[in-house]
Amino acid sequence: MSGDVGNHRGNRHGAVRPMRVNTVIRRVGRFAAGWVRRLGFGGMFGLGGLVLLSAASAVGRFLLDPPRTDVEAILHAPSFDHPLGTDFSGRDNLQLLVRGGWDMLELAVVAGFLMSAIAVGVGLLGAFSGGLVDRIVVRLTDVWLTVPRFVLLLVIASLYPVSSTVALAALIAIFGWPYLARQIRAQALSLRSREYVEAARLLQLRTSHILLRYLVPAIAPFVVISTIQAMTQAIYQQVGLAFFGLVPLQDNWGVLFSAAFRQNALYLPSAAWSLLAPVAAICFLQFCLVLTSRSLEELFDPRLRSGK
């Protein structure tokens, strides 16, 4: 009798478990199909490329050892052992590329978020305060926009060398927030005149409640897209600093490009891959960011889709 009960329970559990697994698979499939339909091919390609680059960079940084120098393999052309050739020290270009992506991604993400945080704070402060505070914010932003920021960034980075990726990202964010702050202020001014915001102010709700409950959620899609665009800007500035030798980082695509250029790789056909590999990686990263940004923009505002 007890054996029958055990078989009955086993059959019941055996029948229920596949049903639950199938249900989960169907729901995951519908969820994935829904996002593919919303983002489109370009968005999924960009997002997939970012995931692939992040995974490869994490493996290269935390699981792989730095490539060793080999004096017998200096500036070799691509081969089976070295798919992207070797550099002027005999190191494998592919391994250098995989290890160098983490710093680039880390700096882009940190700089993008810091830039957006400063811009949102300044933009909302000016738009919601109004009066003298708003005028001061506008004048400060205008003055900051007239400053040749990249030149000033070069000077500061040469006088006060940064010691880490996060410090460099913070320095780039300090110089990159003004334009985004003006856009955030314009968005917030438009929202401030909406009826539900006016009603909240007439009800004498706290300013922090109105900002967090109404304004921040309304501008969140714009901030997300602007953050991705800020990441692309941070990547270009990082590469520019690396080209001038002002980035104290070793495993970085910008540093690899700068080192190859200084070794006259531009004039040596066998060394061309040392120059082309980091450039191609930077271009692919930027391409994925642009595709993701554009797809999210169309997702948040369907009117931007062509032909609709």
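Student: Start with two helices. Which hand does the crossing of H2 and H10 have?
Tutor: The crossing of H2 and H10 is right-handed. Keep in mind that this is a predicted model.

Student: What makes the contact between them?
Tutor: H2 gives Asn93, Leu97, Met104 and Leu105. H10 gives Trp273, Ser274, Ala277, Pro278, Ala281, Ile282 and Leu285. By class, the contact of H2 with H10 has 9 nonpolar residues, 2 polar and no charged.

Student: Now H4 and H5. Why are H4 and H5 called roughly antiparallel?
Tutor: The axes of H4 (residues 149–159) and H5 (residues 165–176) cross at roughly 150°. The label needs an angle over 145. The angle passes that cut-off, so H4 and H5 are roughly antiparallel. The axes come within 10 Å, and this crossing is right-handed.

Student: Which residues meet there?
Tutor: From H4, Arg149, Leu152, Leu153 and Ile156. From H5, Leu171, Ile172 and Phe175. The contact of H4 with H5 divides into 6 nonpolar residues, no polar and 1 charged.

Student: How many residues does the largest nonpolar core have, and which have the most contacts inside it?
Tutor: The largest nonpolar core has 40 residues. Those with the most contacts inside it are Leu124, Leu168, Ile172, Ile184, Leu215 and Leu241. H2, H4, H5, H6, H7 and H8 each supply at least two residues of this core. A second, separate core has 23 residues, including Leu39, Ile228, Val239 and Ile282.

Student: What does leucine 215 contact, leaving aside its neighbours within four places in sequence?
Tutor: Leucine 215 contacts Leu124, Phe128, Leu191, Arg192, Val197 and Ile210.

Student: What does leucine 291 touch in turn?
Tutor: Leucine 291 is in helix H10. Leaving aside neighbours within four places in sequence, leucine 291 is in contact with Gly42, Gly43, Phe45 and Gly46.

Student: Aspartate 134 has a charged side chain. Is aspartate 134 buried or exposed, and how do you know?
Tutor: Aspartate 134 has 12% relative accessibility. The cut-off for buried is under 20%. So aspartate 134 counts as buried. Aspartate 134 lies in helix H3 (residues 131–146). Leaving aside neighbours within four places in sequence, aspartate 134 contacts Gly126, Ala127 and Arg185.

Student: What makes arginine 262 exposed?
Tutor: The relative accessible area of arginine 262 is 52%. Exposed means over 50%. Arginine 262 passes that cut-off, so the label is exposed. Arginine 262 is in helix H9. Not counting residues up to four places away in sequence, arginine 262 touches Phe243, Phe244 and Gly245.

Student: Why is leucine 268 called partly exposed?
Tutor: Its relative accessible area is 35%. Buried needs under 20% and exposed needs over 50%. Leucine 268 falls in between, so leucine 268 is partly exposed. Leucine 268 is found in the loop between H9 and H10. Not counting residues up to four places away in sequence, leucine 268 touches Leu75 and Gln263.

Student: And leucine 75: how do you know its label is partly exposed?
Tutor: Leucine 75 has 21% relative accessibility. Buried needs under 20%. Exposed needs over 50%. Leucine 75 therefore counts as partly exposed. Leucine 75 lies in the loop between H1 and H2.

Student: What is phi of leucine 75?
Tutor: Phi of leucine 75 is near 55°, a positive value in a residue other than glycine. Most residues other than glycine have a negative phi.

Key
Residues are numbered from 1 along each chain as its sequence is written. This is a predicted model: local features need pLDDT of at least 70, side-chain atom pairs count only at pLDDT 80 or more; totals for chains, interfaces and linings use all residues. Side-chain values use heavy atoms; hydrogens and water are left out. Axes are lines fitted to C-alpha atoms, for helices over the stretch in contact, and angles run from 0 to 180 degrees between N-to-C directions. Helices (H or I, at least four residues) and strands (E, at least two) are DSSP runs, numbered from the N terminus. Angles under 35 degrees count as roughly parallel, over 145 as roughly antiparallel, 65 to 115 as roughly perpendicular and the rest as oblique. A crossing is left-handed if the near helix is turned anticlockwise from the far one by less than a right angle, and right-handed if clockwise. Contact means heavy atoms within 4.5 Å. A nonpolar core is a set of buried Ala, Val, Leu, Ile, Met, Phe, Trp, Tyr and Cys residues joined through side-chain atoms within 4.5 Å. Buried means under 20% relative accessible area, exposed over 50%, partly exposed in between (1.4 Å probe, protein chains only).
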